[in-house]
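Open the model in your viewer and keep the sequence panel beside it. The tour goes from one selection to the next.

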Amino acid sequence: MTYIQLAYSDLILPACLVVMDGALSLVLHLKLERQLAIATVRMVVQLVLVGYVLTFLFAAVSPFWTALAAFIMVIFASREIMVRQKRRLRGLWTYGLGAGCTLLAAGTVTMFSLLTQLHPEPWYHPRYALPLLGMILGNTMTGISLGLDVLTNGLVRERAAVEACLALGGTRYQALLPVLRDALRSGFMPTINGMAAIGLVSLPGMMTGQILAGVEPIDAVKYQLLIMFLIAGGTGLGTLAAVMGGGRLLTDHRHRLRLDRIASDPPG
Amino acid sequence: MLTVGALTRLHISVSFELNDGECIALQGPSGAGKSLLLRAIADLDPNEGAIKLDGTLREAVPAPLWRKQVTYVAAEPGWWADTVQEHFAGWNDAIPLVARLGLSPDCGTWQIQRLSTGEKQRLGLARALMLQSRVLLLDEPTAALDATSTAIVESIVAERISNGTGVIWSTHDSAQAQRVGSRLFVMDAGGCIEEHQL
């Protein structure tokens with residue numbers, strides 16, 4: 001397995017392409033140059049930092065440091081889920097639901113793949129555990145945030161319909177079912193679309209990375225298939241848990257719709 | 001039959017009893033809390049108080065079962081499916097009632113979107129009447145209806161009352177309150193209820 005190593009100096013010329021984007025923004029008065037500059041600097045700093053952190057973690061192969069890194073990844077994912085919501089749950093659940101479901105889904109699926117498919121030695125080896133968790137987390141996060149967004153907006157929009165069903169003696173599950181279905185569909189859709197288009201419209205990043213690193217394409221495809229199955233499982237599990245949990249939190253034991261548990265202030 | 005003891009919901013605090021075959025007409029300015037009161041009795045919003053049906057505390061009954069016995073009918077009914085008949089547990093059984101309310105017996109397959117406000121209000125009422133509840137909490141049930149349809153609704157509800165159903169009927173129409181009510185409650189802007197002579 002051979003690959004062409006890059007020096008930092010090799011990145012100067014490609015970076016000019018981003019400068020070109022900035023120049024275009026200036027010429028066309030798009031007012032994107034500031035955002036572009038900040039995003040570029042953030043990307044460079046974050047990736048270089050992650051590179052050094054991963055180098056340290058791979059050298060340490062410590063269950064503590066691996067778990068800490070995984071925990072921090074989940075915290076960032078749950079923050080991202082919260083930020084993407086137009087309407088948020090009140091109190092601790094603002095973070096709690098997203099974090100809990102992300103941890104449950106991505107954690108379970110990552111463990112499943114480590115223990116049953118990859119069998120690294122030791123099983124928590126960060127070279128396998130963290131990239132796997134990262135890829136599953138990113139997709140699970142999208143599914144959960146979409147599902148929760150459609151759930152809360154749907155319940156606010158369909159309040160009269162939900163309460164009509166409750167008033168006629170429907171249970172909270174019966175009353176919420178149409179909105180729950182919409183939310184679950186929205187959460188699953190990006191993964192299904194991604195699976196349908198993969199290989200035809202785009203070559204996935206991980207597979208491309210492995211091919212560039214010298215792995216045989218068929219071996220890279222096998223890894224990519226494994227990842228896609230894990231992503232599908234993680235997204236399904238996480239979205240289901242978040243939407244059903246959200247539905248339960250937005251009703252109470254007397255089968256009442258509790259929209260007062262949604263914060264009234266929109267995210268800034 | 002229905003005992004409302006020290007029911008508290010936001011600014012409302014009331015106690016009263018509703019007997020079998022009785023209709024309480026409920027009046028008051030907009031925003032006084034008439035809908036809040038009816039919704040609270042149906043347990044659709046968090047509230048406090050000792051609400052009993054035939055001596056059984058509301059909390060002792062599962063909420064869905066309570067609402068099948070004590071049914072709230074909103075002024076603007078909501079719809080959760082595409083067609084009319086999907087909102088009825090047994091559409092064929094409901095056809096005679098729906099026809100009596102002046103709607104086509106074929107309206108079961110109609111799309112909810114094509115219904116007028118008045119048609120929606122009558123179907124919303126029909127859907128609730130099919131439950132054969134012990135208590136009906138009617139929130140301005142004829143607000144969107146013409147005089148003919150209003151008379152039909154009043155007559156159908158009067159039949160239910162004569163068969164023992166208890167009704168609380170919220171209305172802005174004083175003449176209607178006189179027609180349908182056996183007692184009249186007037187709610188002021190502060191949420192206090194006073195019983196007035198009919």
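How many residues of chain B are in contact with chain A, and how many of chain A with chain B? The contact takes in 21 residues of chain B and 15 residues of chain A. Keep in mind throughout that this is a predicted model.

**The side of chain B that touches chain A**

Select residues 63-69, 70-73 and 117-129 of chain B. These are α2, β6 and α4 of chain B, and each supplies at least two residues of the side that touches chain A. The largest share, five residues, belongs to α2(B).

An open sheet of four strands runs in the order β2-β1-β4-β5, with antiparallel pairing. Now pick out β2 (12-18) and β5 (56-57) of chain B: these strands stand at the edges with a single partner strand each, so one side of each has no neighbour in the sheet.

Zoom in on β5(B) and its partner, β4 (residues 48-53) of chain B; two bridges join them in the antiparallel sense.

**Chain A as a whole**

Nine helices and zero strands make up its secondary structure elements. The C-alpha trace of chain A spans about 70 × 55 × 40 Å along its principal axes. Of the 268 residues in chain A, 33% are buried. Among contacts in chain A with a separation of 6 or more, 75% join residues 24 or more positions apart.

**A helix pair in chain A**

Select residues 93-118 and 126-157 of chain A, which are helices α4(A) and α5(A). Their axes come within 9 Å and cross at roughly 140 degrees. The two helices, α4(A) and α5(A), are therefore oblique to each other. The crossing of α4(A) past α5(A) is right-handed.

Show side chains where the helices meet. On α4(A), look for residues including A:Gly98, A:Ala105, A:Val109 and A:Leu118. On α5(A), the residues include A:Tyr128, A:Leu132, A:Ile136 and A:Ile144. By class, the contact of α4(A) with α5(A) has 14 nonpolar residues, five polar and no charged.

How values were computed: Residues numbered from 1 in each chain as written. Chains lettered and ligands numbered in written order. Predicted model: local features only at pLDDT ≥ 70, side-chain atom pairs only at ≥ 80, totals over all residues. Contact = placed C-beta atoms within 7 Å. Pairing = 2+ DSSP bridges. Buried ≥ 20, exposed ≤ 12 C-beta atoms within 10 Å, placed from the backbone. Axes fitted to C-alpha atoms, helices over the stretch in contact; angles between N-to-C directions. Parallel < 35°, antiparallel > 145°, perpendicular 65-115°, else oblique. Left-handed = near helix turned anticlockwise from the far one by under 90°. Nonpolar A, V, L, I, M, F, W, Y, C, P; charged D, E, K, R; others polar.
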